[in-house]
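Try each task on the structure before reading on.

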Amino acid sequence: LRVEGHTDSRPMRTNPRFDNNWELSAARALSVLEFLVANGLPEDRLSAVGLADTELRDPGTGTSSHRRNRRIEIHLTYGSLPPS
């Protein structure tokens, strides 16, 4: 599974935890990944990536557009199986 964190296109304002949207999106993805591992999914089958505002779902500038862009996506990826 590939866990992707996304943000809206607005620059970060003063935020004590995150300096920018890249850090925020990565933290979102990592939070979900940690939840999945805590609930039994194997770490070696998961990846987390922060994409900030590089893949906007809605290019608008209104509140609802920003809300749609702040999200997590989980993608099922296929690759070779790890050795048994």
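**Exercise 1.** Is Asp8 buried or exposed?

*Solution.* Before starting, note that this is a predicted model, where local features need pLDDT of at least 70, side-chain atom pairs count only at pLDDT 80 or more, and totals for chains, interfaces and linings use all residues. Residues are numbered from 1 along each chain as its sequence is written, and side-chain values use heavy atoms, with hydrogens and water left out.

Step 1: recall the cut-offs: buried means under 20% relative accessible area, exposed over 50%, and partly exposed in between (1.4 Å probe, protein chains only).
Step 2: Asp8 has a relative accessible area of 5%, so Asp8 is buried.

**Exercise 2.** Find which residues are linked with Asp8 in a network of salt bridges.

*Solution.* Step 1: look for a side-chain nitrogen of Lys or Arg within 4 Å of a carboxyl oxygen of Asp or Glu, which defines a salt bridge.
Step 1: Asp8 meets Arg10 at 2.9 Å, N to O. Arg10 is partly exposed, at 36% relative accessibility.
Step 2: Asp8 also pairs with Arg70, again with 2.9 Å from N to O.
Step 3: the network therefore joins Asp8, Arg10 and Arg70.

**Exercise 3.** Work out which residue forms a salt bridge with Asp58.

*Solution.* Step 1: the partner is Arg68, with the closest N and O atoms 2.6 Å apart.
Step 1: compare the accessibilities: Asp58 is buried at 14%, while Arg68 is partly exposed at 42%.

To finish, the whole structure holds six salt bridges.
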